Each structure stands twice: as C-alpha cells, then as structure tokens.
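Have a look at the structure first, then read on.

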Protein chains: 2
Amino acid sequence: MEKEKIAQAIDILGELDIDLWLVIDRESGIISDPVMDYVVGCHATWLSFFLFSRSGEKHAIIGNLDVETFRRAGRFDTVSAYKGSPREDLLRLLRRLDPRKIAIDYSPDCAAADGLTHGNYLSLLELLKDTDYPGRLISAEGVIAKLRGRKSAEELRRLRAACKITLDIYGRVGRAAKPGMSEKELAAWITARREKLGLKSAWDVSSCPAVFSGPQEVGAHSAPTGNVLKPGHIFNIDFGVKVDKYCSDLQRTWYILRPGEKQAPPEVQRGFTVLLDSIRLAFAALKPGARGLDIDTIARGHIVSQGYEEYPHALGHQVGRDAHDGGALLAPAWERYGGLPLMPLEKDQVFTIEPRIYIKDYGVATVEEMVVITAAGAEYLSQPQQELYLVKPGRSAR
Amino acid sequence: MEKEKIAQAIDILGELDIDLWLVIDRESGIISDPVMDYVVGCHATWLSFFLFSRSGEKHAIIGNLDVETFRRAGRFDTVSAYKGSPREDLLRLLRRLDPRKIAIDYSPDCAAADGLTHGNYLSLLELLKDTDYPGRLISAEGVIAKLRGRKSAEELRRLRAACKITLDIYGRVGRAAKPGMSEKELAAWITARREKLGLKSAWDVSSCPAVFSGPQEVGAHSAPTGNVLKPGHIFNIDFGVKVDKYCSDLQRTWYILRPGEKQAPPEVQRGFTVLLDSIRLAFAALKPGARGLDIDTIARGHIVSQGYEEYPHALGHQVGRDAHDGGALLAPAWERYGGLPLMPLEKDQVFTIEPRIYIKDYGVATVEEMVVITAAGAEYLSQPQQELYLVKPGRSAR
C-alpha cells in the first residue's frame, strides 16, 4: 500500500506544481504525523526527514538506530543514517534537488494535514538557518488532502467491507434492543458483536458505538449512558469498525412502538422523512467539482424550510484510515471549518452524509450514509436506510 | 488517574512559577497531544483548549458536539462549548486569569512535550491576534517532563508488573530458542506468549520483540529477520509489554554453545562482563540531582577504557506510558539530544540503563534494566541479568 500511495503522492506534486514534499517525524510511538502510515510505513525514533520529489526521487534521513528497518523496507532510493545531527544530509539533498517550493505538513484547517509538531518545525528552521529554504516552505495541505481523498480500488474495497459489517450488526439491533435496556447495555451488545469478529472500533471505543435514546435532545459524540430505552422513544446509533485499517462510520434510527401502535406517530414519521429527503437531495447534487458548502446548504436548507432546527455540525466528512479523514468537507462556511467547505470535490473521495433532526418529545433522528464520488455523480458504499426501523414494545429486557 | 495527574500538574506549575498551562488538541483520533491521556482523558473533535492554572482552576473549551462527554467526565470546573469560534471563550478566561506566563506544548528537544501541532499553534496566534498574550507564551517542556517523570505509587506498581511479565517470558527463552531457528521464529514465539496473556507490546510490534543474532553487528531497533541462530552466536532480545497502559523495556543476551563448549569463549565472557560492569557503575551513580550526561559518561567511559567501541545511542531513557517516555535522558551531549542530558534527575523517575558492546565474530551483547530514582540513589524495577545466559547446542529446531 505504501508504494501505491507514494506513486500517487508524486503525481499529486506534479499537479500542484510543488517540487518537494518533506515529511518530518520522530518518536513515532509517542506522537506521529498521520501521513507516516501512508508513505513511510515504519516508525522513526530520532528526528527524521522523508523527501519526495516531483521528479520521483524518495529519500530518508533517519537516526542510525533505525537504519536496518528502513533499508529493509526498501521504499526509499537512499537511506541516510546520522548519529549527531541530520543537518549535513538534509542540506546536501536540498542543494542537489534545489526545490522552489517545499511542502511541509501543517494546516490550521485540517488535522489530517497537520502532522508536523511545532517543536519539529522550530528544529527544521534551526537546521535551515542561514539558507534561503525557509522562504520556500509552504503547507502540504493540498498534497495530503488529495492523497488521503483519492481512494484506490483496494481502499474502496476495504471501506465497502467495513460498511457491510456495520450494517449486518445494525440489522440485528431491532431484535436485540428491548424497552428497559439502557443505552450502555445496547452499546455493550454491539461491542460484543464487534469483538467477536476480531475488529477494532472506527474511533474511540468510549463513544463507538454512541447510543442516544430520546425523548430529550443530546449532542452527538456522547458516550452511552444509563438512560433507558422506553416505548415512544426515538433512539439512534453511531458506529463503525475498521477492516484492514479502513473505517466505516454509519448511523441508523429506530422508534420504539408504544402499546397499540403499529407505526410511529405522524410527527415522528414526518421528521424522519424530512431527514431522508435531505440526504437524497444532497446525494443527487454530489459530483466532481461541486463545493461541499453547496451540498451542505441543500440538506440544511431543506431541513430548515420544513420548520426544523438546523443541525449544529457539518453535513459530512471524508472517511478513510480515520473516521474523520480530513480534507474537503460538506460543511457550512463557519469559521471553524476554515477553507475546507470551499475545496472542490474530486472523484474517488469518500464522504459521509449525516444530517440530524430533533423531533420534540421523541428524540433525535439521525441517519449517516457513506458515498463515493464517481466521474458522473456519486454511489452509496452503504445500503441506505429507507424507512424508520421499528422496535416492538412487547418484549422487555427486565 | 487523570485527577491525580491534574493535581500533580498544578503543583508543578507552582514550582516552576508558571501561571497557566494551555493544552490544545483537535481530532484526537487522528493526531493527539500525548498529555491528553494524562490530564484530559477524553477525545476532542474540534480545536479545543484545556486550561490549568497555578491557582488550581481547570477549564475546558470544546466544540459543541463534545460537550456531553466532557461534562460527564467531570474533570473541569467549567466546560464551554462553542459552535463557530472558540475565541470569545478563550479570551474571556485569559482576561480573568491574566497569566504572566502561559506554557504551551512544544519542545524541539522532547517528543513527549511536543504535542502541539504547528497548524494549531498558528490557529492559537490567530485567536490571540491584537492581544499581548502571544508574548507570554513559553514552552511547557518543564511541566510535562516533571509530570511524566514523577511516577506515583500506582504508576510504579504497573511498571513493576510489566517488568515481571517480561522477565517471566525471558526466563523461558533459553529452552524455546534452538539452533536452526530464525530470529523471526523466536520473535513469533515471544509474541504468542504475549498474546496469550492478552497484553499489548510496549512499542511497534514489528520490532517488539527485536531479536538479533550474531555474528555480525546490527543496529538496534531493527525488525527480526530470517537470519538463523547458530552455535557460536550471541543473540539478544529487546522486548516489553504494556500493563494497564504502562510499559516495560528490557533486553537480555544469550550465547549458543558450540559442540563441546561448557561455557562461552573468553572473549565473549570478557565483553559481557564489561557490559554488566558498565551498568553497575552507572546504577551506583544514580541519585536525585545527578545529570544524565554524567551517568552516561561513566558507562560509556568504562566500555571505551576496556577497548570496545562506544554504543551509538544514549545509555538510557525514561519509561512510562510510552517506552521512550521523554524528559531527562542518560545521554551524551550530542546535538540531537538537545538539553535533555543536562536536566537534573528527580526522585520517582524511571530510567532504562542499556549499553551495548559488539563482540567481534560473535555478535552484539546488550542488557537493558529498568530502575527508579529514590531519595538516596536508585532501585531496580527489574531483576538484573547477572550472567550470560547459555543455550545448549544439542537440540535443533529442524
């Protein structure tokens, strides 16, 4: 996988007219640039430099303890090992390559492209002192956004597999969930299914799955509580797994019937239909070149036009090795999203679509699908939820 | 554990005359400040700020999606949730606390204290624009070094437990290792023992355990290879486990007897004895207030005085939640170690002592012990290796 991603990175440097991409890492076990897993694939101990040139050259400068590991991995044309300081090796390569633009991994907007620590940045400046290279440094945000965004066939296969397993588990929730169960108990049931499959959760296990039962409103991302599922509640689950390091991130919504009910009350049905329609409208507008801001506006606008409060977050984010994979976002133009909602969408990017609606006195309805942008539009990676799932009131957990 | 470490952090701010410690994180699942596990204990999604004041106040400023998680965790006096920008909440707290010195997590010298990404640093400067707070920013390196370094009784208990399990596994290597086995096969045997205990490896599993068999010299940190253990070889193993998130990091050395040999040849014995003596001499000099540089010089000097080449790395590093836990080092004054070898040692810090000697034509002898600094000197956390372990030649793996 690293060689495939390195080749992709070199193509991207050409597209973006960037001569050199410089990845910097140290003590990868403590804190590590997230792109290390894509284009380096080994842990670094001392301050280390990985140079990828537009012309296709690949060089590593590492501490002498790591030299065998990197040479054996065989991903770099040269592996220079230092004992005292990396300065000489770094300057020698820079002088020879003479890059006009050197991309380094910082980004106020995007965590996935912000893998350079401030201390390592200061070390870089110190090493480049009395040269004119500091004036050539630019952000690698564009390189990383494209690199993580453009999923290869193998990456898409893994993402589809993760979606399928998640939906299989969701398919059994309707029978496992019983009135009287707490959010925590239902979450534990899902965790047990996941562990039986030998899979990791897609994000921090304390809120993966997140289970929220009504009737009150609750923020997203919360851990499940002792709050109990009761007839007349809406409950929703946010969950994902990792398959071969790639994540799913999907939400589904259920309603627990009250005695005598055959279906959810009209106000619940109506809210849920508005939610699904907002997903369909957004999905239909997805295509390469569209802006995430406009896609978000379509879903958000529909929900508000139907008299519901807008969701307090973005419509969707990219998914890959991380559940929040960074780069272009389907998001409003809020300050905290920086320039990400304005980045044009590209073929082979994978996004979630995840609006939410609070239905007063019942709970929060959320559905989250995963889609891939295609040449002509988009395709679902997940089989979409088409109707509100119902839990029968008769069977009680206690 | 977080509350204990927060209380410790507030004491340390007083000792160091620092008014405020500001921890900054976002998308913790992608890249996260290592101190988050010590003093926050929850994942942050949007750009988030955690303020710890010398006077004992603790405040969190987070994105609105995370608010339930942080309020429930109950570690902060106030939890402010924002939707658009954190600026107003941050400036309001800074104006009220009016800190003269604000420590933030960057450090060219120490990865464990370098959890602030450069992009988040730029975002901080943007949020503080037109104020005089940027001029009050200093490095939190000293705070984090003391916080991670000073092990509580509970932390020491976990470290001792991790050492014991590692030594139990080492105790069985002498019978499991057979001439004809490859380094990889022996590593797989150790990994199977670890997995049977349900424990994680202390560092990246590709080189934990590292197994190196002679007769040639090999760098540390390498992954095990197909190189085969043969009579007349020295082999060594570098391995550790995590117990309740705390690491061991220990090395042991074996010699494989040739037919007719009852003990290792004199030149192997001699090298191994010099190695153990260098550890004993260094251990005897450990005490609060000593400098790591001087401890390293004792061991390094002894080895060189006996005619061996000096080891190409530090004598020892701290151990805790990470195998390389950062802060003061037992190291020479090489540029790459920055000021760490000059930091005075403190009571309750845990260090490795790990010299190495190449014994020509046989292989690399390494022993790594773990010790804790006490009021009067130091104590071993690991039962030290006292003699070269021997593997009998008779039993072959094939």
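Searching the whole structure, which is a predicted model, turns up 69 salt bridges over all chains. A few of these are worth a look one by one, and then there's the interface between chain B and chain A, where the count is four salt bridges.

**Salt bridges within a chain**

- Asp244(A) pairs with Arg157(A), with the closest N and O atoms 3.3 Å apart. This pair links distant parts of the chain: Asp244(A) sits in the loop between strand 10 (241-243) and strand 11 (246-247) of chain A, while Arg157(A) is in helix 7 (residues 153-176), 87 residues apart.
- Both ends of that pair are partly exposed: Asp244(A) has 45% relative accessibility, and Arg157(A) has a relative accessible area of 42%.
- Over in chain B, Arg96(B) and Glu57(B) meet in a salt bridge at 2.8 Å, N to O. Arg96(B) belongs to helix 4 (residues 87-97) and Glu57(B) to the loop between strand 2 (48-53) and strand 3 (58-63), so the bridge ties together parts 39 residues apart in sequence.
- Glu57(B) counts as partly exposed because its relative accessible area is 21%, and buried would mean under 20%.
- Asp294(B) and Arg291(B) form another salt bridge, their closest N and O atoms being 3.1 Å apart. Asp294(B) is partly exposed at 35%, and so is Arg291(B) at 34%.
- There's a network too: salt bridges with shared partners join Asp17(A), Asp19(A), Arg54(A), Arg100(A) and Lys101(A).

**Where chain B meets chain A**

- On the chain B side 58 residues are in contact with 57 residues of chain A.
- Between them the two chains bury about 4,700 Å², 57% of it on carbon and sulfur atoms. Ile30(B), Leu65(B) and His118(B) supply 15% of the area that chain B buries here, more than any other three residues.
- One salt bridge joins the side chains of Glu335(B) and Arg87(A) at 3.7 Å, N to O.
- Helix 3 (67-73) and helix 5 (118-127) of chain B each supply at least two residues of the side that touches chain A, and helix 5 has the largest share, with six residues.
- By class, that side of chain B has 21 nonpolar, 21 polar and 16 charged residues.

**How the copies are related**

- Chain B superposes on chain A (RMSD 0.0 Å) by a rotation of 180 degrees with 0.0 Å of shift along its axis, which is the relation of a two-fold axis.
- The same surface serves both copies, as 98% of the contact residues of chain B recur in chain A.

Definitions and conventions:
Residues are numbered from 1 along each chain as its sequence is written. Chains are lettered from A and ligands numbered from 1 in the order in which they are written. This is a predicted model: local features need pLDDT of at least 70, side-chain atom pairs count only at pLDDT 80 or more; totals for chains, interfaces and linings use all residues. Side-chain values use heavy atoms; hydrogens and water are left out. Contact means heavy atoms within 4.5 Å. Buried area is the accessible area (1.4 Å probe) that two parts lose on being put together, summed over both. Helices (H or I, at least four residues) and strands (E, at least two) are DSSP runs, numbered from the N terminus. Ala, Val, Leu, Ile, Met, Phe, Trp, Tyr, Cys and Pro count as nonpolar, Asp, Glu, Lys and Arg as charged, and the others, Gly among them, as polar. Copies are superposed by least squares on the C-alpha atoms of residues with pLDDT of at least 70 in both. Buried means under 20% relative accessible area, exposed over 50%, partly exposed in between (1.4 Å probe, protein chains only).
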